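Notebook open, model loaded. I wanted to see how the pieces of this chain sit against each other.

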Amino acid sequence: MAHASFYVGCTVPQLLRGAQSRIFPSRSALRVLRHSAFCYCTGNGTIKSKRKMDHLERTANNFRQEVITQAKVCGITNESETVKRLRLAIANKDFTFKAGQWVDFFIPGVSVVGGFSICSSPGLLEREGILELAVKHTVHPPAHWIHTECTLDSEVALRVGDLHGYQEGKGNRHKLGTAKLYYSAKNTSELLFKKNILGLMKAFPGKITCCFHVTQQRTQICQELQPHITEGRISEKDLEKHVSNDTSWYICGPPPMIESMSKLLTNIGVPRNCVFFEKWW
């Protein structure tokens, strides 16, 4: 049976250029990072926050791979005014991940461990030894470090964590039929990877479609994007026409957006076991 998938969110993966040449951290540097990782993963070593839980506390019950790999920054690109794309050369050939997983992000000299979704494909890692992250600027120490201190050849360590879904059961296995993406941002400059999405729509007509939503657009929208742009937030009216027994729903975005979209889908009759999202904030 053909299966439709709907993606509602604020971030989208991308495949990019080939790997650059790289030199990896020393064994002594890796030992320091491994020690840091060990401390953060023990019950007594987790840092407490008076305001909000630390990433490792929030994800303490999630599965993690045993492999902790050293990595070196081999590319930094401004995807927008607020988002940087980080290209990381991975040293350990045993390091693998699946689409939808995140990494624990260990930074020497930074006491807080970051948690970032991987925005590149497993194929890029297999072919070129490269993993990519798209990180929005915030005051959170790991994100702040990436935007203000990280440079080419900066050394970090990574460990893969498993996706925590909202699925209550194993669900049904369907052959993918179509995919519809609803993608919302403040303005078109914050619609990351939009050129790649438009390229996929052209490459797979009728199979992959996208509706971009902008909530605070102040400039003229380019001609290429205009047919795909809706001004305003994603609404019940946008989504209710797609409800069926053969549709799965995937949500990605900040916590308030996840909660709002989850309630919206419940209100229009989408079963809970058809809704999936990351919940490790």
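I started with strand S2 (residues 69–78) and strand S7 (residues 155–161), which run antiparallel and are joined by four bridges. For the record, helices (H or I, at least four residues) and strands (E, at least two) are DSSP runs numbered from the N terminus, and two strands pair if DSSP finds at least two bridges between them. I looked up two positions across this pair: lysine 72 has glutamate 155 of S7 as its bridge partner, and glutamine 70 stands opposite alanine 157 in S7.

Before going on, I noted that this is a predicted model, where local features need pLDDT of at least 70 and side-chain atom pairs count only at pLDDT 80 or more, while totals for chains, interfaces and linings use all residues. Residues are numbered from 1 along each chain as its sequence is written, and side-chain values use heavy atoms, with hydrogens and water left out.

Next I checked S4 against S7: they pair in the antiparallel sense over five bridges. Tryptophan 102 has glycine 161 in S7 as its bridge partner.

Six strands form an open, antiparallel sheet in the order S5-S4-S7-S2-S3-S6. Strand S5 (114–117) and strand S6 (130–136) are at the edges with a single partner strand each, so one side of each has no neighbour in the sheet. On average, neighbouring strands here are turned by 40 degrees against each other, direction ignored. Helix H4 (residues 141–148) packs on this sheet and touches strand S3 (83–90), strand S4 (102–106), S5, S6 and S7; contact means heavy atoms within 4.5 Å. The direction of H4 makes about 105 degrees with that of S6. Those axes are lines fitted to C-alpha atoms, for helices over the stretch in contact, with angles from 0 to 180 degrees between N-to-C directions.

New page: helix H7. Which residues of H7 are buried? I listed Met257, Ile258, Met261, Ser262, Leu264 and Leu265. Seen down the axis of H7, these fall within an arc of 165 degrees, so they line one face of the helix; the arc is that of the directions from the helix axis to the C-beta atoms. The face turned away from the buried side of H7 carries the exposed residues Pro256, Lys263 and Asn267. Just after H7, glycine 269 takes a positive phi of about 95 degrees.

Not counting residues up to four places away in sequence, leucine 265 touches Leu239, Trp249, Ile251, Val270 and Val275.

Last stop: asparagine 187, in the loop between strand S8 (175–185) and helix H5 (194–203). Asparagine 187 is buried, at 16% relative accessible area. Its side chain makes a polar contact of 2.4 Å with that of serine 189 (a pair of N or O atoms within 3.5 Å; within protein, one must be able to donate a hydrogen and the other to accept it, and residues adjacent in sequence count only if both atoms are side-chain atoms). Leaving aside neighbours within four places in sequence, asparagine 187 contacts Val214, Gln216 and Gln217.

Note on methods
Buried < 20%, exposed > 50% of the residue type's maximum accessible area, 1.4 Å probe, protein only.
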